[in-house]
Each structure stands twice: as C-alpha cells, then as structure tokens.
2 protein chains.
Amino acid sequence: MNKIFDPKPNEWESLLARPTQKVGDIEATVNAIFKSVGQKGDEALRSYTEKFDGVTVDNFQVGEDALTGAEESISEPLKRAIQKAYQNIKRFHEAQATPVVKLETSPGVECWQEKRPIQKVGLYIPGGTAPLFSTILMLAIPAKIAGCEDIVLCSPPDKKGELPAVVLYTAKLCGITKVFKVGGIQAIAALTFGTQSVPKVYKIFGPGNQYVTVAKQLATRYGISIDMPAGPSELLVMADETAEPSFVASDLLSQAEHGTDSQVILVSTSKNIIEKVEKEVAQQLEELPRKEIARKAIANSKLIFVPSDTDAVALINEYAPEHYILCVKNEQYYLDNTTNAGSVFIGNYTPESAGDYASGTNHTLPTNGYAKQYSGVNLDSFMKSITFQKISEKGILSLGETIEIMAAAEGLAAHKNAVTLRLNKLKETVN
Amino acid sequence: MNKIFDPKPNEWESLLARPTQKVGDIEATVNAIFKSVGQKGDEALRSYTEKFDGVTVDNFQVGEDALTGAEESISEPLKRAIQKAYQNIKRFHEAQATPVVKLETSPGVECWQEKRPIQKVGLYIPGGTAPLFSTILMLAIPAKIAGCEDIVLCSPPDKKGELPAVVLYTAKLCGITKVFKVGGIQAIAALTFGTQSVPKVYKIFGPGNQYVTVAKQLATRYGISIDMPAGPSELLVMADETAEPSFVASDLLSQAEHGTDSQVILVSTSKNIIEKVEKEVAQQLEELPRKEIARKAIANSKLIFVPSDTDAVALINEYAPEHYILCVKNEQYYLDNTTNAGSVFIGNYTPESAGDYASGTNHTLPTNGYAKQYSGVNLDSFMKSITFQKISEKGILSLGETIEIMAAAEGLAAHKNAVTLRLNKLKETVN
C-alpha cells in the first residue's frame, strides 16, 4: 500500500488519477461485431456465441418452463435472502416516485411536467466466475416500478448453453419474462439493432468488462442511450480515530477482490489509524480465496494522511468516489459538505456490502470521477420527463405580447406571427 | 408539402425518418481544434476566433462594466418581456425541486437519496443572425435554482469582438457573472479542458450547429457530460376538425423558419383540414422575411392522413416529436396515451412559440427521436442524486445474514467477511 502524507492540492490530480484505460484496439473488434449483428441478426449472434462462449445456442430466449423451474435448485436460505433484498430495494425505489408538477405560471397558462416510462429497456448482466444476480435486482426492480413495457435481459450462457439457476430465479422474481442467453459485445449489438430473437431497446443498462463498456459507448452512436459510462469499481474510506481498523480493512479488501484494477483509497486524519489498517489488511488478505486478485489491487491502493477535516472533504470531493465510507466523529460536517459521491456509507456498522446487496440503495453507481455529474441508477433512470402546457384565450391575451416582442428580437417573424394570428382572431371576436 | 394517406405501420419508419446527418468529415476538424485548445489554451482560442469569427479578442471574459451597462441599450418593452418570461420559467423550474427521499428500509437500516448541484456547468449560446437570449433563460435559470457554483457562459463574438447587449442583459438578469466571448468548437474545447481564461466544467448544455454538436459529442470522451445529443428542430401537429387551419399553418411555419433542415409534420384524421392547412401555409409563407429558409423546410414537410385516433397516437409515439401540438376534440385520449414527446402544446391557443419563450417550460428538448428515452432540460439536469445509508448495530444484526448469503452465492468472500467481522464483534460484546 502506498502511504502519502499531507499531499498539497496541486498534487491531488496526479495522486488521485485513475489508471487510464486503453480502448483503441478494442474499438475495431466492437465495430466489426456491431456491423455483423446489424446485418445478420441471430446468425451473427450464434456465431459469436460459439466463438466467445464456446457453446452453440439454438434458442436464445429462455423458455417459461426454465424460468419457472429454476426455483427448485435454489436453497431456501438463498431464496429468503434474495426476497429480503428485493423488498428493501423495491421499497427504496418506490419512494423515489415524483408526483406531476403542475402550476399556472401566468393567468390562463397551465404548465406541467410528468414522468413517463421509457418503453423498451435492455438489462445486461455479466457472466464470468460467479453469477451477478444482485445486479438483476438493482436494474429490474426500478424498471418494473417505472412501468417500462419491454424489459429485455441478456446474459452470457455457460458451457452448457444455460444461464445459472439463480439468475433465472431472480429474473422471474422481478417479473422479467424476456431473458436471452447472449452476452458480451454481441448482446449489446443485439439490443441496439434488434435481431429475429432479441428486441431492440431504447436504453441499455448494466455493468460489464471493457468490451461491454466500449460496446455500450458505440451503441450511443446508433440512437441508444446508456445508464452511464463505466470504469473499474472504487472505494474511498474516510476514517478518524473513531473508526474500527479491522472493519475498515475488511471494506478495503471487499473492494480489492473485485479486480486487479479496483481502486482502493483510505483517507485519514489519524496516522495511528493508517498504521493499524495497513496491518489489518495484510492479515485479512491471507484468508481470502480471491487473495491474488486482491493483493494486486491493494498494491496499488493509497493510504492518505491529511491534517484536517477541511482538507479531507476537499480531497474527497475532488476524487468523487463511487463508494464512500465515512467513519468519523464529525460526521455531519462531512455529510453537509459532500458534493461528489456515488453512494455514502455512514458509521462503523455500514459496510459497502450492505448497499451492494440488500439495504435498498442501488449498486449501479458512477465510477471514474463521474459522480461529479452523474447519478447512480435510480427510478428516474427508467423514465423521462415530458412537459405539457395549455393556454386559454385569456392566457394568450395576457402572455401574447411578451412572446411577440421576444420572437421579434430574435428575428423569428413566423414565431411571432403564430401568436399575432391568434391575438387578432380573439380581438375580432370581441369586436 | 408531401401528402401521405393512411400509411401502413410497416411504412412508418421510412416515412418518419429524419434526414441523416453526415458528420464524418467534421470529426477531423473537431479533433484538431480540441487537441490545439487542450495544448495551447487561450492562444488557440484567439487564433480560432480570428479564423472563424473574423475578429481578434484580447480578453475573452466580459467585464463587470459591460455586463451592467448592457441594460441601457435594451428597450423597456423588451426588458419587461424578458423579465416576464424569466418569472414564468423560474416559477416552473422551482416547482420541480424534489425533497430528500428518506426511509428505514429494514429496522435499523436508514437509506436516503439527496440531489446536489453539479458544481461546474457550461452554457453554450449560439451566435448567428440573431442573438438567442431566450436560451440563456432556459439554461441559466435552472442552473441557478439547482445551486451550481460555477456557471460559465460562452457565446461567439460579433465582428467588433462583442456580444449583443441583449445577451449580456439576460445573463446579468439570471445572475451569471462568467461570460466569455468565444464560440463554436473552440468554446466547447475550452469548457472541456479549461484554458487560462475559461474554466473547465463537468457538464455542457446548449444548442448549436453541427460543428458544436459534434464537439459536444467529442467532449464526452474526455469525461464531460452533455445535456443531450442534438439534431435539427422539429414539430408535429396533430389536428382534427376542431383545429383552426390558419393557426396550424402558422405553427408549422414557425418551425420551418428555423432552418432548411427543420422537420415539419402534420398528422390529421381529417382530409379537409389537411387541404385547408396546405392552402394557409402557401399564403402565410409569402409574408415571411425568412421565407426562403421556410420554403425549403416546407418542401420536405409531410401532411399525413390517418383514419383513426388510435393510428394517430401509435404513429406519433413512433416518431417521438420534439414539439407536439395537439388540437383535437378527443384531447384526453391523446394525452393519456402519449409515451414519447419532448413538450406537448394543447389546444388552439397554445402555439409552440409560447414554450419557446415565455410560458415557463424549457425549450431545450430532445430531437431526432430521442424523446423516447431523454428528458428535455429541467431542474434535475443540473443536479445529480446521491444515496446515503446508515446502519445501526441492530440493523446489521438483522440484515447481516442476508448480505452474507448473497455475497457467498456471488463468490465474493471479502464482501461477506466485511459483514461477518462486524457481526462477530457485536456477538462478542453481547457475551
């Protein structure tokens, strides 16, 4: 672990820099796969699935029987855990619903804003060593609450051409019926263009490796929107003397086990805490099954001593952490002054794992400093707001001149004329 | 105008296709300017301003005196009009503020969501034949309400190296103090990288020509976000026998005068209305100062007859118009079933001009079919939502096992361990 003592603000940028991701050579591959899927549809999906997943899939869509039957192979404790997480996530995202905003801005001028669901959304769930069913909860629950009509889930098949039972069980629990056994770049291309099997969508959500990330970026060139740009996961812990070093170490390691490129940072106003956490990390690391991955991430991690709370807050806002654990006495000061963070975990008994799985908040969060301007996934991510207005005769009589004057000043005579015609008509009626 | 009678759904896609925009050859120019501004800062800005705007600008920032003095050259009626629009827009956007969403999802597990302002935002205001001061109102008012700290406005200078007085007056009225005389691709590059004069921002808003549009897209590759992808402005009017043909024609023309690539569509369940509107358009067109522009847009416009309200609604949702004027008897049916639109104008006395200038709704709206998944600019466009959670000892005792089971099932032992350590500590304390 790299220890840095009292870095000066002009050093922060380089100190906090994320590793640059090179995407140049991936782009050509992604472009080629998009072109092929756009032209050949399912045929291309089948061929790339053979190539990348090593299996031939005849029917990409998972049948109703398989979706329903998956429950049998899930243990009761796991089912109960998933259901409890489901309830918490549902409750928190339902609470985010906003009412129609309606007001009469001027007499006779009624304006309102309503949110309506994005009709077609795609959820991408990565495969790999372990099935990330928790991400299904995080994406499918708000999509259902929003009222999206078409919710399409894609995830790469295993060597038998199947999806893990826990993925199917979770999808079914969330009410998702369109589940497809296709992954990687070809899945994102399928959601972008549509194929014989996979419906085209308007917005694509979900994490993935760098191939999926580049594919999602490319999808935006074809009129599709995405949840947010993605980068490696990251955690910043702010700890003072009131923090429990073994807990802090366990949180840093839980981030480190994600991947060798995970970002792990401890900021502290206590040199003592920094020493203790470093020792704890070394001890706990040895017990982890994924210790080789975690060790590499930890080798790049940073322990940063800052002399004051003011410095800490400024440095943390500059970094804009995806996950931000706060274990300090002066808690309210930090909260009031947090401008940039994805999700904040407060106090010694709030591990990041809670938000990753079951407390109710969403775990799809802005990485790579994007917390400066992006929200994590929330209910509104699945909706768009539409404005409406209705102006009465009285309304246009009162507001009309204002519009005419402004349109004339912008040199847009037809804009003015659309009002003048109406005003003239009303004046005729009066006379 | 092109008249189409009762098109079949399989023809809608080609019928409603927007003109394709070719950006290939612009990209090289945009890349070169970005590189130069990133490296040379103000020096590059100065050189591009000489080249594209034909003027040498020494100080890019508009001084306090010029901002304050601009008021003198604005007529009283125009000032009153801008102030009235300001009040309506402010009222409507203030009403969009959302409270903190806070709840205890499980006993001892408190989760909340708060919106916080994006600290640094850039507003781009195009120059050209007429100063688009209305766009300043549409962007600066919600930015101020949101509480953005740095609001940076860029707009291209005229041949004298100045900005129009009405632009300065409107900026000052909105409380914007950082106004820069720089436009085009070089302005977007300056907001992306920062220069000696122009501060770097996190998110860039505002309309522009195709160069600015491509520049905004490129900015997203450097960690900047943008309001939305842009295309030519568009209007769809849905009119039945209750619509006033002269009003409809004036609305179509107000869209057509924007540019030769503007999209103008009339959908009607009445052949009679289509005939009448066509005649009115021909007559009104001749009176317009921008008739040559409008004539070209009108030549590409479409008058579409559909036999039923059901067909109309389906076709309109497929098109997803930026501006949607609705003059029909069966108004509520259309409103209830509108899934995709930027802003909706209801009834004979609600011209699009009202929303363009003064009713209170925002005029920065999704074009090019993006209303399927993007909102127009609104208060939330200037904020991001952050989630928070605080779990008590009781809370982790109750939720801990759920997290442990799920983390184990995803093969993430360190995630599990972060909970187990805490549970063990609490059990020790009890014993």
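This is a short tour of one predicted model, stop by stop. Residues are numbered from 1 along each chain as its sequence is written, and chains are lettered from A in the order in which they are written. Local features need pLDDT of at least 70, side-chain atom pairs count only at pLDDT 80 or more, and side-chain values use heavy atoms, without hydrogens and water.

**The sheet.** Select the strands (DSSP runs of E, at least two residues, numbered from the N terminus). Nine of them form an open, mixed sheet in the order 2(A)-3(A)-14(A)-13(B)-12(B)-9(B)-10(B)-11(B)-1(B); two strands pair if DSSP finds at least two bridges between them. Strand 2 (101-106) of chain A and strand 1 (2-5) of chain B each have a single partner strand, so one side of each has no neighbour in the sheet.

**Inside the sheet.** Go to strand 9 (residues 234-239) of chain B, which runs parallel to strand 12 (residues 323-327) of chain B and is joined to it by five bridges. Pick Leu235(B): its bridge partner in strand 12 of chain B is His323(B).

**A helix on the sheet.** Now select helix 11 (residues 271-285) of chain B, which touches strands 1, 9, 10 and 11 of that chain. Helices are DSSP runs of H or I, at least four residues, and contact means heavy atoms within 4.5 Å.

**An enclosed helix.** Last, select helix 9 (residues 210-219) of chain A. Seven of its 10 residues are buried, so it is largely enclosed by the rest of the structure; buried means under 20% relative accessible area (1.4 Å probe, protein chains only). Among them are Val212(A) and Leu218(A).

Note on methods
Axes are lines fitted to C-alpha atoms, for helices over the stretch in contact, and angles run from 0 to 180 degrees between N-to-C directions. Buried means under 20% relative accessible area, exposed over 50%, partly exposed in between (1.4 Å probe, protein chains only).
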